[in-house]
Amino acid sequence: MDQILEFFKHLINPSWIIEHGGLYLLLAIIFAETGLFIGFFLPGDSLLFVAGIYSEDLCRSFFDMPFFFVMLLIALAGVLGNMVGFWFGKKSGPLLFKKKDTFFFKKKHLHQAHDFFVKYGGGAIFLARFLPIIRTFAPIVAGMVQMDRKKFMLFNIIGSFAWVFSMMLAGHYLDKLFPNLKNHLELIILVIILITTLPVIIKIVFGKVKHHPDHDQPEVTNTSDTTL
């Protein structure tokens, strides 16, 4: 049990993931965090940023592949993750509102993603990429509300590439400008977590809290005509 807890502790540490799991574990985590509801706790933003800092090591460990292709692979993992989430939501999403809360699944996260999707429509798939927790559940909700598949894929692809490339390029070039950046990773990760979670915190603290009884299921609507 202690070993399992220790492993989960490492999974929220971007530096450990890069140093011990390399590109393979990074791809698996991005895939899980962007489409599997059990991946909501994984460090997507900070992991990508740190991956940009360690870009040379990542490329060297993966057949000396160019940095662009490494980013391309990671972006594709994000696209595939969302596709799985969309399929899961379309097939069994409504049943999730009857599911009891567990450590890996909190019904409130599903409600938050649903409210976010209703507010921003199809563009929520793009915007959710930059919001922890929301990005995990957004594709599931998109499947639940029967979003048009082609429109979903458009926002899915654009959002994944924008998210992965922006975070990794930021880490890559900031490391070039500030060579000692690796010595302050803990502080950097903390700042990224605060910045990316701030919108969610503001929504929780200052936003209007909608009451979602456990037995209530958000209305399922067809969003095939929804625009950004």
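**Buried and exposed residues along the helices**

The structure is a predicted model, in which local features need pLDDT of at least 70 and side-chain atom pairs count only at pLDDT 80 or more, while totals for chains, interfaces and linings use all residues. Residues are numbered from 1 along each chain as its sequence is written, and side-chain values use heavy atoms, with hydrogens and water left out.

His172 belongs to helix 9, which covers residues 149-177; helices (H or I, at least four residues) and strands (E, at least two) are DSSP runs numbered from the N terminus. When neighbours within four places in sequence are set aside, His172 is in contact (heavy atoms within 4.5 Å) with Gly52, Ile53, Ser55 and Phe67. Asp175 also lies in helix 9, and this residue counts as buried because its relative accessibility is 13%. With the neighbours within four places again left aside, the contacts of Asp175 are Ile53, Leu181 and Lys182. The side chains of Asp175 and Lys182 are joined by a polar contact of 3.4 Å, that is, a pair of N or O atoms within 3.5 Å, of which, within protein, one must be able to donate a hydrogen and the other to accept it, residues adjacent in sequence counting only if both atoms are side-chain atoms.

The unreviewed UniProt entry annotates residues 21-42, 67-89, 152-173 and 185-206 as "transmembrane region"; the positions follow the numbering used here, feature names are shortened, and such annotations may be inferred rather than shown by experiment. Residues 152-173 are 100% helix and 0% strand, with end C-alpha atoms 31 Å apart. For residues 21-42, the span is 59% helix and 0% strand, and the end C-alpha atoms lie 14 Å apart.

Helix 8, formed by residues 134-144, is mostly covered, since 11 of its 11 residues are buried. Among these buried residues are Arg135, Phe137, Pro139 and Met144. Just after helix 8, Gln146 takes a positive phi of about 60°.

Leu187, by contrast, is exposed, with a relative accessible area of 53%, and is found in helix 10, residues 185-206.

How values were computed: Buried means under 20% relative accessible area, exposed over 50%, partly exposed in between (1.4 Å probe, protein chains only).
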